[in-house]
Amino acid sequence: MMTGSVSPLPPEQPLLQATAISKHFGAVVALDDVSITLFPGEIAGLVGDNGAGKSTLIKILSGVQSADRGTISLDGTPVHFASPSDARSAGVETVYQDLALAGNMTIWANIFLGRERFMGPERLQLLDKRRMAREAREMLERLGLNVPPIESTVASLSGGQRQAIATARAAAWGTKVIILDEPTAALGVAETQVVEEVIAGLRDKGFGILMISHNLQQIDRLTDRIWVLRRGHMVDHCRRADTDLEEIVSVITGAAGAFSASQSA
Amino acid sequence: MSTPAAGRATGRGLPPRRSRFDALDALRRYGIAVVFLALVTTMLIASPQFRTQGNFLNLLQQNAIIGILACGMTFAIILGGFGLSVGANAALCSVVAAKVMIEVDIGLGVAVALLAGVVVGLVNGLLIAYVGVNPFVSTLGTMTVIRGLVYVYTNATPLFGVDFSFTRVGLGRSLGVPNPFWIFLGVALVLGSLLSLTRFGHHIYAIGGNTVAARQMGIDIRRMRLVVYMLIGVCAAASGIILVGQPATGQPATGQPAGALGYELTAIAAVIIGGATLAASGDGHHPRRGRCDR
């Protein structure tokens, strides 16, 4: 009952493919023989109960942790991420729940953190602040985000604005895959909607987006494909169009073994 | 798709957060300058002694050492660290400088003292960044150890016998302004530029603002911490060298084992009053840990 046969994966080249990933923490099996595939221009939702292994899986995909076994390939080429920097330079950007923003710094300084632009003699590493501010403003405009002045500190922003900045930063630097961990967990309704629009906009730009969310309505609204983890196993996946909320819940909890769309094969 | 979130982002902005704290914020940021000016003005009016040229020159001369220590301390505190050992380090460097100046040569004394300051910074940095000792605890420890060593080595008596000419560094004037103040000005300009104009400085703000974020963005936090504590060591050494040239009245230049006692707390106070914060770091919600606006 691994991957379904009636809801087949598209024939095109997958963007990101993780195969037979296993990860143990001591005696605890966090992930056992888990595979997942992500295509360009799609939003994949990764769901599962607490402790199902969602966080571990995205940590492995983003280079924060390494798998005990299994392979990851990007655009068909096997890759090995020893660190988050490896993943980022390969084009995989991750927005963690803590957003990784420094509140005491400006919006543009956060967007360019670790990727600063310099002016003058290279050795001095003098920051080209004007250029970074201008480029950051352009990045946000391209994403259709109308945020406060680029010189505002991140601490002065609302939760939604921070999430939007963190997502925009990932989109600005990422070339292929964006992984989002609970992108709207801390947000109100209006802010959630704006962030969802940003995410949908990124899909339209051709990014492959992998999103963890506990909000199943959101998964239903936003995703193209749903992957379900249960106790470290990838139970099943399904096109969103072929299922509904109730069924997703029963697959997550184990009340149903798999999606009916894949069982009917 | 007809879901609410479908389609492109529309360019509709997020509601701006209320900015009703702006006045309070301005008060926090510039209030201290107003208080300072008010204090100076009051003293100018109230005290004839205060408004003498001699008094102002004296203030500049005496506070230069604190100022230099505070420049280094600013780095530590923005980074989310602490530097309790700077006073002891300055005393150590003063004694080391004086000893080498007496035995060998003034220039070598300055060089060895700078080296000693950096080594103390290196020890602090290794303990904090690589062993993982809390900065407060480790610099408190090095402070106690260094003070002890200096007192034992010197028997708690000043080292007399440095060439008299070296008092020029601590007591002399150039263009009518005390030399220690020029040194302080140089240190402040260099370190201030480092902090606000370079990547190094930006990364210090980032680590202080959100250590986890800084690590995720690829900043080598341990190396940065090590370098910052070594930089603080250089500032302490500079202070110690000035101390040699600032003996008690009528005495020749002196190594001062009891010098700079308690200066670390004055320097920390100066940094905090100057606008950095001691609030815990980590979640990125502390706008005032050395706010990096520009």
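Reader: At what angle do H3 and H10 of chain B pack?
Author: In this predicted model, helix H3 (residues 86-103) and helix H10 (residues 221-244) of chain B pack at about 55 degrees, with their axes 7 Å apart; axes are lines fitted to C-alpha atoms, for helices over the stretch in contact, and angles run from 0 to 180 degrees between N-to-C directions. That makes H3(B) oblique to H10(B), since angles under 35 degrees count as roughly parallel, over 145 as roughly antiparallel, 65 to 115 as roughly perpendicular and the rest as oblique. Helices (H or I, at least four residues) and strands (E, at least two) are DSSP runs, numbered from the N terminus.

Reader: And what are the ground rules for numbering and confidence?
Author: Residues are numbered from 1 along each chain as its sequence is written, with chains lettered from A and ligands numbered from 1 in the order written. Local features need pLDDT of at least 70 and side-chain atom pairs count only at pLDDT 80 or more, while totals for chains, interfaces and linings use all residues.

Reader: Switching to chain A, what is the strand order in the open sheet?
Author: The six strands run E6-E9-E10-E3-E11-E12 with mixed pairing, where two strands pair if DSSP finds at least two bridges between them. The twist averages 20 degrees from one strand to the next.

Reader: Which strands stand at the edges?
Author: Strands E6 (92-95) and E12 (233-239) of chain A do, each with a single partner strand, so one side of each has no neighbour in the sheet.

Reader: How do E11 and E12 pair?
Author: Strand E11 (residues 225-230) of chain A pairs with E12(A) in the antiparallel sense over six bridges, and A:Leu229 stands opposite A:Met234 in E12(A).
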